[in-house]
There are 2 protein chains.
Amino acid sequence: MSSSPGRRGAGEHPACVQRGTGALAAPGGERSPRVVIVGGGFGGLEAAKGLGKLPVEVTLLDRRNYFLFQPLLYQVATGGLSPADIAMPLRRILRRQANTRVLMEEVTDIDPQRRLVVGARAAYPYDTLIVAAGSTLTYFGREAWRRHAPGLKSVEEALEIRNRLLRAFEEAERESDPQRRRAWMSFVVVGGGPTGVELAGALGEIARDTLRGDFRSIRPEEARIFLVELAPRVLPSFPEDLSEAAELSLIRLGVRPLTGVRVAEIDEEGVELERNGRRERLCARTVIWAAGVEAHPLARVLHERTGAPLDRAGRVVVEPDCSLPGYPEIFVIGDLARCPDGRGGALPALAPVAMQQGRYVAHVIASRLQNRCVRPFRFRDRGMLATIGREHAVGCFGRLRVKGRLAWLLWLFVHLAYLIGFQNRVLVLIQWAFHYFSYHRGARIITQ
Amino acid sequence: MSSSPGRRGAGEHPACVQRGTGALAAPGGERSPRVVIVGGGFGGLEAAKGLGKLPVEVTLLDRRNYFLFQPLLYQVATGGLSPADIAMPLRRILRRQANTRVLMEEVTDIDPQRRLVVGARAAYPYDTLIVAAGSTLTYFGREAWRRHAPGLKSVEEALEIRNRLLRAFEEAERESDPQRRRAWMSFVVVGGGPTGVELAGALGEIARDTLRGDFRSIRPEEARIFLVELAPRVLPSFPEDLSEAAELSLIRLGVRPLTGVRVAEIDEEGVELERNGRRERLCARTVIWAAGVEAHPLARVLHERTGAPLDRAGRVVVEPDCSLPGYPEIFVIGDLARCPDGRGGALPALAPVAMQQGRYVAHVIASRLQNRCVRPFRFRDRGMLATIGREHAVGCFGRLRVKGRLAWLLWLFVHLAYLIGFQNRVLVLIQWAFHYFSYHRGARIITQ
């Protein structure tokens, strides 16, 4: 699993970008240099792990006490898994790293002049700082939509979506008016990227299989599930033939993909859709937002404090070694950073990018301690996968493309392998097995 | 598992208590009689199951969409299990019963004259009514305590307790003042019945084993855990020697039982304890309430509407066939009912009582349909068990008493056997096995 991007690509990047090793030396030179990491997601956690054996003092700050395996969060939202199955306490993961301290803290500000991270509870001095605060949902300025269309970013939001999905069927069961019942039985997923496709596929499965026979007044399999995507096809970041395969799988699950369609309005009663300038109303009591994320507000803080430029998505533009221009002691990684992809564009906001950057930055810090040179960060693309329902997936790995059951097995294997904790892996595997053979989903409870 | 209490005890209760079979016949005699069940706990669910094959129309109302296996709720509160592991959707359990309809509804009133159950959303006419609404926490009039000392009754409360326990250690880790740190490291469980003992035991285990090595500034094993009980011994409903064994096991886990002690005050900073008239303050930031439950408010509604007497705990005093005096078509079962134990006392508020009553009432209804006589309800006591930590339990079954590892294995087996759903059983067993061998608890996440 481990790659050392710093040692690769000797041909392409002959320039050594190592600068300012002094940034690591502590004033006075007596105590170990202090590395503060903000955010315990894919990037921050890998960075922390990479620093475990170095003579540095690591502090990992996160407002949660756990690492969340985001790629499976849609399964929590659809009642397939419990939050604890895909979450692991950060201090548990890092317990054997004697140089590492984990603290629950909401970071609000960064002071690069005094080298301080300011949290809601205290301030934390650093010699080197790694900011890996990730991304948050964006409603593109339509804040009122947030209330009607929860997104899938945190455990709490996933449970909110689960409650809404399950409650919609409960409401439909007791509703006698056919039109209102139809509105409760209509679901709109906004955004046809991997998250939206996986959510819609799971929803199709719930309606068709999981809930079948559980109700008396309604037939859950008659639920209408719409997947709205502005681009002309779902999974726009995948090759065209895979988008087509995904679309077919979705249709087979009863999902109706609406591509080339813009969401003009969202309210309590449903959505207003716009295609080719024509508007149309869709009555649906349950709307889920999978349309967009933007950089965490700390990106703006960094911009204001250091002058580092932001891109259109609000991400901090970083140097080839993931540090901030003029601040070699501050690294920004993961969804928060705009990192060049070497082809004129930027790397996508994906877990593998964040993980490799985390490992890379730990490697840069190790090299600086030894006054060694490092090469710029280079992302090794290992491909991407999206699953649709219980037996289908699509994936591309460079030029290799897979779809159908093989891709689904691959998806299963990859996600289990990356899940942290042996117990979690076994629990998730067993639940998937149950789910596969019985069509049942275990976590179908409505909580507050 | 199934017992038919109605057919037993021929010697003791020669009187046939069957009355008013007309109460079941629907007016007009065309449609099936309507049976409404309020509450999908142990009692209501067993009643619903017992009615599955009768020519009646069953409606089960519960404000939750799931049945909760309460006896394991303390494991959710202590991070050992996830809520979905011990909860099962009611409509899933009853899906094959074509005559049964499950609706999420909060019942607010009952109109025995018009034979209507009034809910927050609609009214439900009945020919026969089974009220099994259970119990709620009581703070004996000290409502202000509720905020400082959450109890263990619902999934939400269990998660609240889990959050507080985990957060207390997080706060202690970052607190530099020794006195305040000590307050964060002090835990008080109020009430030494089975729930309190199981909670305190699990807490002892968490502090001693689960969290060991996860922190840098504190040693979790130095946490102080107090179990406060007004009676002179813990588990006062158990035989004395078992109380003693339980107390020893608790002490071995680092729990300090304070028996013969009254809680005089609870606030944000801790508790005030009173023993022999002397008051003493105990600084503890985490207080858990396991001291008392009282009947659900529907007991009072029934009292006001039918004149049925209530006992001191607010339970409805029922006839020997679990019906209300003068209202043979209304049954009250489980924690809501005060049912004579045949020795001048009342049956305890335990799951086995509620389950047997549920089955009995279904049997009464079946008998009435056939104009058959039924004998009064008679509880078959199968004994009780309480577990303390990872290897100890105490139990008594009539004259047989067990303790130590054997009792613990028995406890394990019984709880797995009664858990609903094969998937839940496997998941819980696996988590217990992990927990046993690794000392780790999987659900250690703090959510909102």
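This is a predicted model: local features need pLDDT of at least 70, side-chain atom pairs count only at pLDDT 80 or more; totals for chains, interfaces and linings use all residues.
Residues are numbered from 1 along each chain as its sequence is written, while chains are lettered from A and ligands numbered from 1 in the order in which they are written.

Chain A is divided into domain 1 (5–137 + 294–369) and domain 2 (145–291); domain bounds come from an automatic or database domain assignment. Between the C-alpha centres of domain 1 and domain 2 of chain A there are 35 Å. Their contact takes 14 residues from domain 1 of chain A and 17 residues from domain 2 of chain A, where two residues are in contact if their C-beta atoms, placed from the backbone, lie within 7 Å. On the domain 1 side, helix 2 (73–77) and strand 10 (135–137) of chain A each supply at least two residues. Helices (H or I, at least four residues) and strands (E, at least two) are DSSP runs, numbered from the N terminus. Helix 2 of chain A gives the most to that side, with five residues. The residues of this side of domain 1 of chain A divide into nine nonpolar, five polar and no charged. Here Ala, Val, Leu, Ile, Met, Phe, Trp, Tyr, Cys and Pro count as nonpolar, Asp, Glu, Lys and Arg as charged, and the others, Gly among them, as polar.

Helix 12 (residues 422–438) of chain A packs against helix 12 of chain B at an angle of about 170°, with the axes 11 Å apart. Axes are lines fitted to C-alpha atoms, for helices over the stretch in contact, and angles run from 0 to 180 degrees between N-to-C directions. Helix 12 of chain A and helix 12 of chain B are therefore roughly antiparallel to each other (angles over 145 degrees count as such). Among the residues that make this contact are A:Leu427 and A:Phe434 of chain A, and B:Leu427 and B:Phe434 of chain B.

In chain B, an open sheet of three strands has the order 14-15-16, with antiparallel pairing; two strands pair if DSSP finds at least two bridges between them. Strand 14 (262–267) and strand 16 (278–283) of chain B stand at the edges with a single partner strand each, so one side of each is left without a neighbour in the sheet. Six bridges join strand 15 (residues 270–275) of chain B to strand 16 of chain B, and B:Gly270 has B:Cys283 as its bridge partner in strand 16.

Strand 23 (residues 384–388) of chain B is joined by five bridges to strand 24 (residues 392–397) of chain B, and the two run antiparallel. B:Met384 stands opposite B:Cys396 in strand 24 of chain B. Three residues lie between the strands of this hairpin, where B:Gly389 takes a positive phi near 70°. Four of the five residues of strand 23 of chain B are buried, that is, 20 or more other C-beta atoms lie within 10 Å of their own, with C-beta atoms placed from the backbone.

Last, A:Val353 lies in helix 10 (residues 351–369) of chain A. A:Val353 is buried, with 24 other C-beta atoms within 10 Å.

Notes
A residue is buried if 20 or more other C-beta atoms lie within 10 Å of its own, exposed if 12 or fewer, and partly exposed in between; C-beta atoms are placed from the backbone. Angles under 35 degrees count as roughly parallel, over 145 as roughly antiparallel, 65 to 115 as roughly perpendicular and the rest as oblique.
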